Amino acid sequence: MSFISRELFCLLAPLESLRSSDIKGITSIEELKKAKLDDHLSQYCLGEYKPAIITDNLFSFFRFTDKQAYLIIIDKQSDSNSELGRYNFYGLLDTYGKGKIVASCTTLSTEKIKKSINLTNVIITQGQAFILELCQFHTDYDESQDWWMRDPIYEIILSSYQDSNNDGIGDIQGLRQRLDYIQSLGMKTIWLTPIYPSPWKDYGYDISNFCDIDSRFGTLDDFRELIKDLHSRHMRIIIDFVPNHTANTHLWFQAALRNDPNYIDYYIWHEGKNNGKDLPTNWVGASGQHMWTYSPERKMYYLHQFLDSQPDLNFRNEKVMEEMKKILRFWLDMGVDGFRADAVRHLIENDQFRDEPLSKNAKDSDPEVMYDAYEHTETADQPGSYVLVRRWRKFFDEYAYENNRDYIFLATEAYAQDIKKVMEHFALNREELGSDVSINFLITYYLDKEDDEKHGLALDKQLSEWHSNLPDHAWSNWCLGSHDSRRIATRLPQKELIDGFYMLLLLQSGTALVYYGDEIGMFDRPFKLEHREEFLDITAFNYGDKHAEEKTRDCQRTPMQWTDQLPYAGFTSGTSKPYLPLSDTWHEVNVEQQEKATRSHLKLFQQLVKLRQQSPFYGGNQKKVISTKELYAFIRWLDTNVFLIVINMNKIGQNPVTTDFMKLLKYKDKELLGEIVARSCNVLDDSPNGKEGNQINLNKLILQSSEAIVVKLQASAHDIPFCRP
């Protein structure tokens, strides 16, 4: 690829469309009028022109026809000390998601020329100019950049997955034993909840050392071997990053208690009101306690948004931010591929220390212990929290560039009911980038409803809220549950509906986050006060015995159910009891039985994971077709590939639902046919929808209660008016 002057790339834009500010720092319009476009560049001056991202440092635009599209990117900077730039062009032109360099102002290696660039992550250095020939996500999959977008991410609580040394606690070696199974699911990325040394007052989210492995799980060498195993399988690993607080046993906090001037300001302190007799504010935290605890050593109160054993870090102290970067660098140097940043809405508090008002929507909540009794105007979703996320994103980009690393992933967890606050974690704009995945909990909020409110219209409201608020430049994501919410199989009004919800999770546009055990439909295990000794989640008792059974998170964190064999379903050999009791359904719901069955939740799940890797599920278009109380349906398409996903939301025993999808899709030919691609386990083999490959007429589609199907339409998107803009 020969050298081309940076100024000449500007000639690919129509001169009459240019402003002098567009090309300031590169050239002038007068100079461009004198210049001549060379033969190599002229082939890209075609079709229509559309500006892309134009800033003080960047000029970029598209040239495109119906069949070809190019993105021209020109960096305006001339200062050799200028910062690395990262931009997100995804969503600016149709569904294009990738590009390959076909012309450049600098000499590029063969590797860079062959390598496709993900439009969500275009890195530009000072003075660069190049042309990208654009393509769809699915046509040029590049594992180094796209790994977090196409394939689901599998969340694992290590202590609950597989015990290898018979102490009743899952561990790293146990996880290594189960990598074949994880691969069989189609999972290429695992996400581990905290694995750091911890007193375990909060399942390891109270961390006493951010740069080591808790001995109950193994050693750093064990973890290195796990990373080696995963990478040899072309798999990835992300780990929980818990920046909001430490354990009270952490060396930093212990030093602060001793009034060590180097560490006092690592935490947040207040003298209190009324000469220390009263708490500084009325703030109540997310773990059923007031946010202030008195320290007799320092004769001051320290802040903790969670348990009193989890003192909050002070991110107004730049030294704390530097400590976090050291921690992140430690794990990146070891080979970790990304992080899920925990509790990011709690990172910063208003330093005016004003009381928070009671919530108008929580009349029955006890203001002494209930977090939702308040409007958290002073302690959640503060502007500084979003700044921290963007700074971490920038740190990851710089680390990846400097160390020639594959893309480093960042997800953020913000349990906020206000969707706009969740969206802010993605990015301010296409230049100020933040989280890759600001986790979408809207389906879990839907599952919080009473059973008679869990219908198609209510589901549509949640899904539509996400779609309508998602920024154009953001990549979507979906989850059905997590370590902090009850399992979906327990919360559905009809357990058979889980297959339809797999389709929602895996076939909508965006990254799918899967909680271990949900692939087999695991159920919660109830914890009762009469067996108080079984509780591990001590947080539940902060709310009083009245609420302990409801508040405990132990229910959804029970050990993985591998077999129906005594004594402990294959999780541990039986020398020691599991650290948490197994769910009561392990005899009927387990991996071994579902692998042997002709049809099962597990086998459908695996089938859908394979399907989502293809067009149009990876990067194509999506649109809701119909939502009623009884039915929810959406369509995915790209070019000739069109798929219809239909879910009957009714409980078993209600009348079947008949729908004319030919009319809904505005199809004008005599008939619209489709082929069954996937079906829920409760679809009978002898029904019209009962076998993959069956051809059905969509002018009279009949679905029984709680059934769900995926249909490939025998028509191109160009022939279906519903699919047109």
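Biologist: Where is Pro 567 placed, and what makes the peptide bond between Leu 566 and Pro 567 a cis bond?

Modeller: In this predicted model, Pro 567 sits in the loop between helix H16 (545-551) and helix H17 (591-596). The bond that joins Leu 566 to Pro 567 has an omega of about 5 degrees and is cis.

Biologist: What makes the phi of Trp 200 worth noting, and is Trp 200 buried or exposed?

Modeller: Most residues other than glycine have a negative phi. Trp 200, in the loop between E10 and helix H7 (220-232), has a phi near 60 degrees, which is positive although the residue is not glycine. Its relative accessibility is 13%, and the cut-off for buried is under 20%, so Trp 200 counts as buried.

Biologist: Lys 299 has a positive phi too; why is Lys 299 called buried or exposed?

Modeller: The phi of Lys 299 is near 55 degrees, and the residue lies in the loop between strand E13 (292-295) and strand E14 (300-303). Its relative accessible area is 60%, and exposed means over 50%, therefore Lys 299 is exposed.

Biologist: How do you know whether Arg 86 is buried, and which side chains make polar contacts with Arg 86?

Modeller: Arg 86 lies in strand E4 (residues 85-87), and its relative accessible area of 9% falls under the 20% limit, so Arg 86 is buried. A polar contact requires N or O atoms within 3.5 Å; the side chain of Arg 86 reaches that of Asn 121 at 3.1 Å and that of Tyr 407 at 3.0 Å. Beyond its neighbours within four places in sequence, Arg 86 is in contact with residues including Thr 120, Arg 393, Asp 397, Glu 431 and Asp 436.

Biologist: Why is Ile 443 called buried, and what does Ile 443 touch?

Modeller: Ile 443, in helix H12 (residues 442-447), has a relative accessible area of 0%, and buried means under 20%, so Ile 443 is buried. Leaving out residues up to four places away in sequence, Ile 443 touches Leu 463, Trp 478, Cys 479, Leu 480 and Phe 501.

Biologist: What makes you describe helix H4 as largely enclosed?

Modeller: Seven of the eight residues of helix H4 (residues 143-150) are buried, so the helix is largely enclosed by the rest of the structure. Among these buried residues are Trp 147, Trp 148 and Arg 150.

Biologist: How do you know that E10 pairs with E9 and with E11?

Modeller: Pairing requires at least two bridges. Four bridges join strand E9 (residues 153-156) to E10 in the parallel sense, with Tyr 154 opposite Ile 190; E10 and strand E11 (residues 236-241) are likewise parallel over four bridges, with Leu 192 opposite Ile 239. Within E10, Thr 189 and Trp 191 point one way, Ile 190 and Leu 192 point the other way, and all are buried.

Biologist: What makes E20 and E21 a pair, and what joins E20 to E21?

Modeller: The requirement is at least two bridges, and six bridges join strand E20 (residues 621-627) to strand E21 (residues 631-638), which run antiparallel. A hairpin joins the strands E20 and E21 through three residues, and Lys 624 has Phe 634 in E21 as its bridge partner.

Biologist: Which elements contribute to the lining of the second largest pocket?

Modeller: Helix H13 (456-469), E20 and E21 each supply at least two lining residues. The volume of this second largest pocket is about 1400 Å³, and of its 41 lining residues those closest to the centre are Asp 94, Thr 95, Gly 620, Asn 621 and Trp 637.

How values were computed. Residues numbered from 1 in each chain as written. Predicted model: local features only at pLDDT ≥ 70, side-chain atom pairs only at ≥ 80, totals over all residues. Heavy atoms only, no water. Buried < 20%, exposed > 50% of the residue type's maximum accessible area, 1.4 Å probe, protein only. Polar contact = N/O pair within 3.5 Å; in protein donor to acceptor, adjacent residues only side chain to side chain. Contact = heavy atoms within 4.5 Å. 1 Å grid on protein atoms, 1.4 Å probe; cavity = no way out; pocket = protein on both sides within 12 Å on 5 of 7 lines; lining within 4 Å. Points joined across faces, edges and corners; volume = space filled by probe spheres on them.
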